[in-house]
Amino acid sequence: MTAIDKPFKIDQKQVLEAYKAVKSSGGAAGVDGQTLEEFEADLKNNLYKLWNRMSSGSYFPPPVRAVSIPKKSGGQRILGVPTVGDRVAQMVVKQAVEPILDAVFLPDSYGYRPGKSALDAVGITRKRCWKYDWVLEFDIKGLFDNIDHELLLRAVRRHVKCTWALLYIERWLTAPMVREDGTRVERDRGTPQGGVISPILSNTFLHYAFDLWMTRNYPDLPWCRYADDGLVHCRSEKEALALKAALQTRLAECHLELHPTKTQIIYCKDGKRKRQYPNVKFDFLGYCFRPRLAKRLRDNLLFCGFNPAVASSAMKAMRETIRQLNLRRQSQRSLDDIARLINPLLRGWIHYYGRFAPSGLSPVLRYVNLTLVAWAMRKFKRFKGRKVRAGRFFERLSKERADLFAHWKVGMTGVFC
C-alpha cells in the first residue's frame, strides 16, 4: 500500500519533525520502559511503523504510566507519562491542530502557548494590580483529571475538521493509566497531565468554560489565566465576592469546581490603599505579589507599592534542588565541573525570577555561595575548618573570574560567609 492508498494523508516528514520536538524536550520512559535513546537506536523503523499505523487509522495509544510528583503546596500530583512513540504521535496531532486552536484563544490566556510566557502573565498582572484594588485569585480543582470528554470534544470539533486528528484525540482521552503498583485504571474523563496533547486540550476547554464566559459577562474586568491558575481584577470587595459566586456556578455547569483553599480574594494594599484586610498577598507563577518598598525613578524616593518578587515556595524549591546535587561532598570534582553542573540552573532562575525585583533572589544565591565554600573546605586542606578564609578566597575569585558562575557574571555575587 502506498502513501496515496492510506485512509489518512499524513506526511512522513510530519512524524520526523514531531520526533525532533519530542527529543528536544526529553522525558522519561512510558509503560514499555523504552527510553528516547532506545527509540532512536532503531529510529527509521520506529518512525515508519508509527507513520504507517497513524495514516492507516490503526494506531491505538498504549496506556500512560502514572508517576507521582510532589506539589509545591503539599500533596502529590499524578502525571500520566506516555511512551516515547505515543509522545511522537501526540506531537504529530498537536502540530497539526495548534495553529488552528491557538488562533481562537484570547490574548489573556498565557499557558503553554507559542509566543507567550509565564513572565508575560506576571508582567501584565503587576500593571493591573496598580490600577485595580482587588484580585480574585482562583484555582480549578483537579482540572486535568476532571475535564468532561463530551464538552471538550464538542469544543475541539467546533474548530478542528481534520478527521484523523479528531480520531486520535478521542482515543487519547480514553487511554487507560497504569499505576505504580501495576493496576490499570480506565478513564472516562480528564486528560492526563504529562501528555503532549493535554495542554492545548485543556486550554480549549477553558477557552469556553472561562475565557469567553468572562468576556461575555464581565467585559470590563481584566483577567489573566495560565492553565488552571487565574486572576480577575476587581474594583471592590463586593464585586469580587459576587464574581466568585458566579464563577463557582459557571464551573459547576462545566463539571468543574474551584479549589476551596487556593481560591481567595486579595486587597492590593500599598502606600495609598491603606484599608485593613486579612489577605494582602498572593502567589502566581512562582512570584509573590504583596506590599513592598520600591524606589521612585524620578527622585529615588522610597514608597510602598504592590509588586511581585520571587515567592518563598520557589526559593525553597531552588535550595532543595541545590541540596539534592550534594555538591558539598563532590570533592572529586573541579570548580569548573561544579560550574558546568549548576550554571544551567542558575541561568534559568536568574532569567525567570530576576525579571522582577531581582534582589529577591539574594538568599538563594547566598546559599549557592555557602555551598561552594563548604565544598572547598572539604576539598582543600588549607580551607579545612576555615570558613572565613574559604569565603575570602571566593570573594576574590568572583572578581577575578566573574564569568565562572552565572550569578557572578551578572553581578549578583552576594556574600560568602
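Let's start with the fold: the protein has 15 helices and 11 strands. Those are DSSP runs numbered from the N terminus, helices being H or I of at least four residues and strands E of at least two.

This is a predicted model, where local features need pLDDT of at least 70, side-chain atom pairs count only at pLDDT 80 or more, and totals for chains, interfaces and linings use all residues. Residues are numbered from 1 along each chain as its sequence is written, and side-chain values use heavy atoms, with hydrogens and water left out.

Overall dimensions next. The C-alpha trace spans about 75 × 60 × 40 Å along its principal axes. Of the 417 residues, 48% count as buried, meaning under 20% relative accessible area with a 1.4 Å probe, protein chains only.

Now contacts, which means heavy atoms within 4.5 Å. Take those with a separation of 6 or more: residues 24 or more positions apart account for 68% of them.

On to the cores. A nonpolar core is a set of buried Ala, Val, Leu, Ile, Met, Phe, Trp, Tyr and Cys residues joined through side-chain atoms within 4.5 Å. The largest has 65 residues, and Met54, Val93 and Val232 have the most contacts inside it. Apart from that core lies another, of 54 residues, Cys224 and Phe356 among them.

Look at Val232. Beyond four places in sequence, its contacts include Trp134, Phe210, Pro222 and Trp223.

Pro222 and Trp223 also touch Arg128, again leaving aside neighbours within four places; Asp108, Cys224 and His233 do too. Arg128 lies in helix 5, residues 118-131. Buried or exposed, this Arg128? Buried, with a relative accessible area of 14%.

Terms used: Buried < 20%, exposed > 50% of the residue type's maximum accessible area, 1.4 Å probe, protein only.
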